[in-house]
There are 4 protein chains.
Amino acid sequence: MRVIVTENYEELGKVASQHLLGHLFSKQDRVNLAITAGTTPVEVYRYLIPEVKGKAYLSHAHFYNFDEIPYKESQREGITMSDLRELFFKPAAIPETSIHVLDGQNYQGQDQRIHQAGGLDGVLLGIGADGHYCGNLPGTTTIDDQTTKVICDDQMKARIGRHFEEAADVPDYYVTMGPKSIMAARHLILIANGKRKADIMRKFLEEEISLALPATILKLHPNLTVIMDREAASDLTKSDELGSN
Amino acid sequence: MRVIVTENYEELGKVASQHLLGHLFSKQDRVNLAITAGTTPVEVYRYLIPEVKGKAYLSHAHFYNFDEIPYKESQREGITMSDLRELFFKPAAIPETSIHVLDGQNYQGQDQRIHQAGGLDGVLLGIGADGHYCGNLPGTTTIDDQTTKVICDDQMKARIGRHFEEAADVPDYYVTMGPKSIMAARHLILIANGKRKADIMRKFLEEEISLALPATILKLHPNLTVIMDREAASDLTKSDELGSN
Amino acid sequence: MRVIVTENYEELGKVASQHLLGHLFSKQDRVNLAITAGTTPVEVYRYLIPEVKGKAYLSHAHFYNFDEIPYKESQREGITMSDLRELFFKPAAIPETSIHVLDGQNYQGQDQRIHQAGGLDGVLLGIGADGHYCGNLPGTTTIDDQTTKVICDDQMKARIGRHFEEAADVPDYYVTMGPKSIMAARHLILIANGKRKADIMRKFLEEEISLALPATILKLHPNLTVIMDREAASDLTKSDELGSN
Amino acid sequence: MRVIVTENYEELGKVASQHLLGHLFSKQDRVNLAITAGTTPVEVYRYLIPEVKGKAYLSHAHFYNFDEIPYKESQREGITMSDLRELFFKPAAIPETSIHVLDGQNYQGQDQRIHQAGGLDGVLLGIGADGHYCGNLPGTTTIDDQTTKVICDDQMKARIGRHFEEAADVPDYYVTMGPKSIMAARHLILIANGKRKADIMRKFLEEEISLALPATILKLHPNLTVIMDREAASDLTKSDELGSN
């Protein structure tokens, strides 16, 4: 595991982008990257967009969402893809042929599609304050899960509901790449910024691997890079976490 | 995970050796391989010995034991290293400078030494009928463990005792690279042969990841190759395990 | 450059095969190998055939010929492919979909086809007593040539003629992957055996790069492995060639 | 060869830096980069300096100069290293232990030192209007040269002389890594900017490999990336050079 602490969120965005660009510049073949939506990657995409937009030399980049909350009984694209389009795909003018949608209909073929495409070169992901990553929330997926459907209980539906304007749109389930799917990627890049993530980053780095904090399983990956800003690192008690081991 | 089923144990030995030789021929820099003692690798070493003995072009190969049962209050080398010397190091004339001993005294520095040497390019390991790998027996190490000392209860001491002629030599502990250490390697090569391993291979491939079967955690590694002969594969019920996914 | 000197031709065949198998076991994706026909690789294929025949786990291997002497005005497959089929493809039961034929009709698309397939992971090639490699004989191709047609003068036609029973079959040209095509591969494995090759191996290793000895340009490749037996190494005057530098 | 054309010099600096950072983020082990002095890389270093300065997570970066014009009979550091210190090492606060000086005294050990350090992961180099690269000017080094001393005739001394204030400081020779040394690197990144380089870039990309234009030999490298701005690309007549092949 390599731990990088940046001065601020701006540097985090730049360094995470440089990791992704590093993958893109490392070979001429297709590069497959699964990338996160949400608030954490905003600075990453802000930096990355002008670096990739309209660049013919980056036309071999292929992007995947790793989870999705679909609209109930609607053909609208789900929450994650809609967010990624606004955050990154549209501003970066990523061609549709380079965007590989995971949704509530096709999730069962996700791992096979990715395998046939050569596997994921990298996954850019965040970590929730509750230790979740992708859609692997505490109590949802098991460690054996590949891409799977998670049925939502009322509590989860309430949580998910905040993404939707219409109650009728709130789905009964969401889909996510599970622990096995994510661990199969060649490189994991976990990002966290801000005081709000300080506690979970302390737990992530200093406490035991536990199903209660799903992201902790990622510490077993042979090629995990953790990038956090000083604020997210501010609760750490052990300085030897910083660097690489 | 890539699953290779060989016709027989002889082919298993050859194919596993070819994987190790592949690592050795892939670069001129130092190659670090952690290798297993015991009965499973006998055919691997039988094949490998003439391939490496006296070959100047393989002088960049470095070997590590990943566990050790030391002699109690004795300077004698432990059970694992003694076995590896007989099985492989002596017949293959591996120079002492290419052999990196893990023992009861130096185990706390093992992960740091390996890290500074560039990390493990590969681990050749077997799986016990009880699902153990290296010295990670059910109920001994935790998922967070790097190289660690395992204190032996009476049951364990009885089990270990069979390696020793003198009761006074039986130690109170053994050391092993733990799950975190093994998962940090770039490539895991898990070998299993014979009817005796058919049941555990079925469980390993078809059942859930579980602390009760420690080796199952290795299914999360992004670069795991499983090599077994037809006998060890004879209990499998799902044919899609064969191949890669 | 890495120089490996084997005890005998049998070991050369085994070590060269192990290099090829190393490439095949290094990834699950398609592996592209361009391989030589002729007498030098006979022992390589003899060793390799049982290692690959019928192995489902090597179904991702793809093979290319790098030159071809076509039959004049005939639909018969050319000399090189016919030889490769007898030497290797048939005995190893390589599926037709894994054999990528270069011939007098399609040579202009060869480099593009290979590029789109991901590039060559390795080229197994020999060296002629006159310093030629593939169809890059002295005075034929230029250093800028990719896959190209070489028009044969009478002297060349006489030389080529010995491959054919009927004079009418002798072509006016042959095709070959040129220096630029071969240098584009990720790994070059040059093999030479026997006293007959001792002089050219001395020149290759000890003399200057020269168009008069076309293979010498390969010494500029960042990943060249030379495998020769003691007989082919018997004229070498400088011992520091042995090993790597 | 991969050809990247950037909108302007600023983008060239950024993209070239991203290539170097990609190497640095691709592994935790030591990364060896040989980098150019002079005017072409000014924008690269301008961009790179804040990215690397004071970053503990980039402490595994090691830098090499690939040529040097020494002060005659003086202990002063040569022209290249002095320039690199001003351009990059000092502003980026690169530790002295990460700077590997090539000079008039130690040049004979350069290739061995680099080999023992694991080889060059990348070389960032420019191209002269006369087609030179590093110190491989037309008529100086031969294609077989590794790191070598080039004796200067009067014309060369006049050319070199412009670097020096005192005539007495002008040396009789300079040292450079030769074609064999540069071609041994795993990745070559050739940069060119401005109208002044348009003619040589046209010749480099469109004309034959020739000793008269030493840099053209680099087109034989299996992993060459050419980065130039629109101005440097403005004389190109063939659009298919843009992209990769």
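Trainee: What makes E4(D) and strand E8 of chain D a pair?

Mentor: They are joined by two bridges in the antiparallel sense, with E8 covering residues 173–176. Two strands pair if there are at least two bridges between them, so E4(D) and E8(D) qualify. Keep in mind that this is a predicted model.

Trainee: Which residue stands opposite Asp67(D)?

Mentor: Thr176(D), in E8(D).

Trainee: What is the strand order of the open sheet in chain D?

Mentor: The order is E4-E8-E7, three strands with antiparallel pairing.

Trainee: Why are strand E4 and strand E7 of chain D called edge strands?

Mentor: Each pairs on one side only. E4 spans 67–68 and E7 spans 148–151.

Trainee: Turn to chain A. How many helices and strands does chain A have?

Mentor: Seven helices and eleven strands.

Trainee: How do you know whether the radius of gyration of chain A agrees with that of a compact globule?

Mentor: Set the value against the rule. For 245 residues, a compact globule would have a radius near 18 Å. Chain A has 17 Å, so the two agree. The C-alpha trace spans about 50 × 45 × 30 Å along its principal axes.

Trainee: What share of the residues in chain A is buried?

Mentor: 61% of the 245 residues. To be counted, a residue must have under 20% relative accessible area.

Trainee: What do the contacts in chain A between residues at least 6 apart in sequence join?

Mentor: Of these contacts, 80% join residues at least 24 apart.

Trainee: How far apart are the mean positions of the positive and negative charges of chain A?

Mentor: They are 3 Å apart, for 26 positive and 34 negative charges.

How values were computed
Residues numbered from 1 in each chain as written. Chains lettered and ligands numbered in written order. Predicted model: local features only at pLDDT ≥ 70, side-chain atom pairs only at ≥ 80, totals over all residues. Heavy atoms only, no water. Helix = DSSP H or I, 4+ residues; strand = E, 2+ residues; numbered from the N terminus. Rg over C-alpha atoms; globule rule 2.2 N^0.38 Å. Buried < 20%, exposed > 50% of the residue type's maximum accessible area, 1.4 Å probe, protein only. Contact = heavy atoms within 4.5 Å. Lys, Arg positive; Asp, Glu negative; His and termini not counted. Charge placed at Lys NZ, Arg CZ, Asp CG, Glu CD.
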